[in-house]
Amino acid sequence: MKLQTVKNIDLTGKRVLIRVDFNVPVKDGKVGDDTRIKSALPTIRYILEQEGTSLVVMSHFGRPKGKKNPDFSMAPIADRFSELLGKEVKLASDVISDEVTAQVEALKSGEVLLLENVRFYKEEESNDPEFAKKLAAYGEVYINDAFGTAHRAHASTEGVAHYLPSAAGFLIEKEVKFFAPLLDNPEKPFVAIIGGSKVSSKISVLESLLRTCDTIVIAGGMAYTFLKVQGHAIGKSLLEEDYIEVARSFLDKAKEKNVSVILPLDHVGATKFDQNAEAVPVDSVDIPEDLIGMDVGPKTLAAVADALKSARSIVWNGPMGVFEFDSFAEGTKKVAQMVADCEGVTVVGGGDSVAAVNKFGYADRIDHVSTGGGASLEFLEGKELPGIKALEK
Ligand code: ADP
Ligand code: MG
């Protein structure tokens with residue numbers, strides 16, 4: 001993979017069109033968690049530091065379903081963006097119109113214009129070539145730094161790249177730098193910890209990781225379908241009947257490839273799936289009939305710690321248990337800590353896993369915490385991300 005990056009493209013005197021992921025939470029007209037805006041700033045600052053550049057910024061926000069809707073205006077985001085950048089950000093009146101074209105053409109060196117929500121137009125998500133061409137006309141160079149939407153072939157993430165010299169920003173560059181080797185040529189031993197709720201949403205990742213992993217830990221809600229295959233009692237835990245055969249065939253393949261699979265050895269159970277349910281320790285692989293497996297227990301965590309001891313590459317996707325409920329968060333918290341303590345290269349991807357790492361305060365001790373939930377999953381599945389493929393030269 002040869003990724004064209006912002007540093008090896010000449011920006012001098014250019015009007016630069018950049019796609020970022022500013023899809024942040026907004027409440028009562030105010031931006032909440034602004035991590036996504038902050039993560040795009042290094043690229044934006046770099047572009048503005050180049051001689052004579054101006055910037056047209058585009059992003060989506062929420063799901064306005066292809067229609068203009070003031071509830072999904074970029075206005076609050078423009079304000080926060082401007083504060084963080086320490087510089088005026090003009091908000092365009094629309095995405096595509098003569099007025100916007102005039103606003104773009106009036107941009108002077110060093111100025112920044114944020115377009116309205118690109119998803120105000122259905123042509124964005126259908127990747128309409130005419131729409132992409134109109135967006136492309138706003139710049140002389142296209143930079144994509146929206147890793148969070150890189151798995152979508154939309155007009156602003158993929159379409160525009162066909163009409164302009166294009167390159168990745170620092171954020172996409174970093175994501176690729178950490179994820180690509182995992183599927184390609186990871187430092188060994190390579191340990192993957194895959195949790196979360198469903199076999200159906202993680203089976204492709206598991207299969208893909210069989211190519212390069214030495215050890216795969218399977219935990220979270222999906223582990224019970226695997227334990228069932230092995231003939232264990234799983235009580236009232238999550239079970240995906242339709243995936244029993246898929247799980248069986250995965251375990252067979254892992255054996256053939258000499259990939260060791262670690263499944264839960266003990267659990268923390270509950271009689272009901274509830275925030276206030278009492279945590280019941282289950283000191284065996286088998287789970288009593290009346291209990292739901294909610295988290296992994298200490299033996300399982302010791303086995304994970306042991307696997308991580310010599311690991312040189314580690315990827316973690318998917319919580320170990322129902323970490324949203326305090327009584328069942330221990331497994332996820334401990335794994336976050338173990339990953340943070342690991343000597344090898346550590347990568348965490350997945351919306352909920354990243355939320356857990358942040359919640360428990362380990363993010364800054366992990367080498368790479370991905371900014372894209374769906375995108376990181378598709379990357380690990382070995383799929384080509386259209387927004388990144390379009391930047392390869
Ligand atoms: P990610 O977003 O990191 O990829 P997923 O979306 O696959 O992770 O899974 C996260 C969800 O899995 C969480 O909401 C968590 O509560 C749930 N989960 C984890 N363990 C269990 C379990 N034992 N039973 C039910 N749900 C679980
Ligand atoms: Mg999730």
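## Contacts around Lys-90

Contact here means that heavy atoms lie within 4.5 Å. In this predicted model, Lys-90 touches Glu-111, Val-112, Leu-113 and Leu-114, when residues up to four places away in sequence are not counted. Lys-90 belongs to strand S5, which covers residues 90-91, and with a relative accessibility of 31% it counts as partly exposed. Val-56 is 34 residues away from Lys-90 in sequence, while the two C-alpha atoms are 9.6 Å apart in space.

The protein chain is divided into domain 1, residues 6-173, and domain 2, residues 186-380. Taken over C-alpha atoms, the centres of the two domains are separated by 36 Å, and the contact takes 7 residues from domain 1 and 8 residues from domain 2.

The largest nonpolar core has 74 residues, of which Leu-115, Leu-135 and Ile-216 touch the most other members. Helix H6, residues 170-184, gives the most to this core, contributing 6 residues. Because domain 1 (6-173) and domain 2 (186-380) both give residues to the core, it lies between them.

What is Ile-216 in contact with, leaving aside its neighbours within four places in sequence? The list consists of Ala-192, Ile-194, Leu-206, Leu-209, Leu-210, Phe-250, Val-259, Ser-260, Val-261 and Ile-262. Among these, Ile-194 falls in strand S9, which spans 190-194, and Ser-260, Val-261 and Ile-262 fall in strand S11, which spans 260-262.

## Helix H13 and what follows

Helix H13, residues 373-380, is mostly covered, with 6 of its 8 residues buried. The buried residues are Ala-375, Ser-376, Leu-377, Glu-378, Phe-379 and Leu-380, and they pack against H6, helix H7 (199-209), strand S15 (313-317) and helix H14 (386-389). After H13 comes Gly-382, whose phi is positive, near 85°.

## The loop between S7 and S8

Two residues of the loop between strand S7 and strand S8 can be described together. His-154 lies in this loop, with S7 covering 141-144 and S8 covering 166-168, and Thr-157 is found in the loop between S7 and S8 as well.

Are these residues buried or exposed? Since buried means under 20% relative accessible area, His-154 counts as buried at 6% relative accessibility, and Thr-157 likewise counts as buried at 1%.

Leaving aside neighbours within four places in sequence, His-154 is in contact with Arg-119, Glu-124, Glu-125, Asn-127 and Gly-159. Thr-157, not counting residues up to four places away in sequence, touches Arg-19, Tyr-142, Asn-144, Thr-149, Arg-152 and Gly-387. The C-alpha atoms of Thr-157 and Ile-18 are separated by 9.5 Å, although the two residues are 139 residues apart along the chain.

## The cavity

How many cavities of 30 Å³ or more does a search of the whole structure find? The search finds 1, and about 40 Å³ of space lies in the largest cavity. Its lining is formed by Asp-21, Arg-36, Ala-40, Asp-145, Leu-171 and Thr-371, which divide into 2 nonpolar, 1 polar and 3 charged residues.

## Backbone features in loops

Two residues other than glycine have a positive phi and an exposed position. Asp-28, with phi near 50°, is found in the loop between strand S2 (26-27) and strand S3 (30-31), and its relative accessible area of 76% makes it exposed. Asn-258, with phi near 60°, has its place in the loop between helix H9 (244-256) and strand S11 (260-262), where it is exposed with a relative accessible area of 71%.

A cis peptide bond joins Lys-188 and Pro-189, with omega about -5°. Pro-189 is found in the loop between H6 and strand S9 (190-194).

Key:
Residues numbered from 1 in each chain as written. Chains lettered and ligands numbered in written order. Predicted model: local features only at pLDDT ≥ 70, side-chain atom pairs only at ≥ 80, totals over all residues. Heavy atoms only, no water. Core = buried A, V, L, I, M, F, W, Y, C linked by side-chain atoms within 4.5 Å. Buried < 20%, exposed > 50% of the residue type's maximum accessible area, 1.4 Å probe, protein only. Helix = DSSP H or I, 4+ residues; strand = E, 2+ residues; numbered from the N terminus. Domains from an automatic or database assignment. 1 Å grid on protein atoms, 1.4 Å probe; cavity = no way out; pocket = protein on both sides within 12 Å on 5 of 7 lines; lining within 4 Å. Points joined across faces, edges and corners; volume = space filled by probe spheres on them. Nonpolar A, V, L, I, M, F, W, Y, C, P; charged D, E, K, R; others polar.
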